[in-house]
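Thank you all for coming; please have the sequence and the model open as I talk.

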Amino acid sequence: MDFSKFKARSFSADTYNKYFSPDVAPIGYAQNVLESIHSVTGLPWWASILVTTVLLRSLVTLPLTIYSMHIIARVEQLQPEIAKLSQELRREVAVAVKTFGWDAKTARFKYNTTMRKLIRELYIRDNCHPAKSSLVLWFQIPMWISVSFALRNMSGAIPNNTSS
């Protein structure tokens, strides 16, 4: 295949500055934290990065991980109640199949719809939706990206100002 017809693309400094400069709030905050820890402690940069990592993990990630584990435990505690509700609902659907003459597809649809509703009500009642257990990821990933780009900015590794 002839690749000469494809135009080379580059990552311009304008694009970099628009999305990844210290003017972008999370990256600016991360850079300020790194610089503050370095200036307050007087440690070399490698140690400042290590201390910042440990602090962020201890102050942000650890509490969120504990909260996620708490949510998972509460969801697991609901499993016997969900199993009991499932058995009761199966009996009710079996009675409805005989009473109303539902076919298998309708019975399965009614069972699944009602079961989802019951489970959702249990999660609301106990305030433990399983999606809350992924909360740590929604903080950890942006935090990692922000710190990575802050370190990149501080090292002077920005793209050349050539745009294509």
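Predicted model: local features only at pLDDT ≥ 70, side-chain atom pairs only at ≥ 80, totals over all residues.

**A walk through the chain**

Let me begin near the end of the chain, where helix H5 is followed by glycine 156, a residue whose phi is positive, near 85°. Residues are numbered from 1 along each chain as its sequence is written, and side-chain values use heavy atoms, with hydrogens and water left out.

Now the overall picture. The protein chain has five helices and zero strands, where helices (H or I, at least four residues) and strands (E, at least two) are DSSP runs numbered from the N terminus. Of the 164 residues in the protein chain, 23% are buried; buried means under 20% relative accessible area, exposed means over 50%, and partly exposed is in between, with a 1.4 Å probe and protein chains only. The accessible surface of the protein chain comes to about 11900 Å², and 63% of it belongs to carbon and sulfur atoms, the areas coming from the Shrake-Rupley method with a 1.4 Å probe, where for residues only the protein chains shown count as cover. If we take contacts between residues at least 6 apart in sequence, 75% of them join residues at least 24 apart, a contact being heavy atoms within 4.5 Å.

Let me return to H5, which covers residues 135–155. At 1.5 Å a residue, its 21 residues should span 30 Å, and its end C-alpha atoms are 31 Å apart, which agrees; the expected span is 1.5 Å times one less than the number of residues. Which residues of H5 are buried? They are Val136, Met143, Ser146, Val147, Phe149, Ala150 and Asn153, and these buried residues pack against helix H1 (13–20), H2 and H3. Together with Leu137, Trp138, Phe139, Ile141 and Trp144, Ile145 forms a nonpolar patch on the surface, with about 700 Å² of accessible area together; patches are made of residues with over 30% relative accessible area and no salt bridge, with like charges joined within 9 Å and nonpolar side chains (Val, Leu, Ile, Met, Phe, Trp, Tyr) within 5 Å.

The largest nonpolar core has 12 residues, among them Ile71, Leu89, Tyr111 and Met115, where a nonpolar core is a set of buried Ala, Val, Leu, Ile, Met, Phe, Trp, Tyr and Cys residues joined through side-chain atoms within 4.5 Å. Helix H3 (45–100) and helix H4 (104–126) are the elements that give two or more residues to this core, and H3 gives the most, with six residues. Apart from this core lies another, of seven residues, including Tyr16, Ile27, Ala30 and Val147. Beyond its neighbours within four places in sequence, methionine 115 is in contact with Ile82, Leu85, Ser86 and Leu89.

How many salt bridges does a search of the whole structure find? It finds two, a salt bridge being a side-chain nitrogen of Lys or Arg within 4 Å of a carboxyl oxygen of Asp or Glu. One is between glutamate 81 and arginine 125, at 3.0 Å from N to O, and this pair links distant parts of the chain, with glutamate 81 in helix H3 and arginine 125 in helix H4, 44 residues apart. Aspartate 126 forms a salt bridge with arginine 125 as well, their closest N and O atoms being 2.9 Å apart, and in this way Glu81, Arg125 and Asp126 are linked in a network.

Asparagine 127 lies in the loop between H4 and H5, and it has a positive phi of about 50° although it is not a glycine. Most residues other than glycine have a negative phi. Asparagine 127 counts as partly exposed because its relative accessibility is 43%.

I will finish with histidine 38 in helix H2 (residues 25–41), which touches Leu43, Pro44, Trp45 and Ser48, not counting residues up to four places away in sequence.
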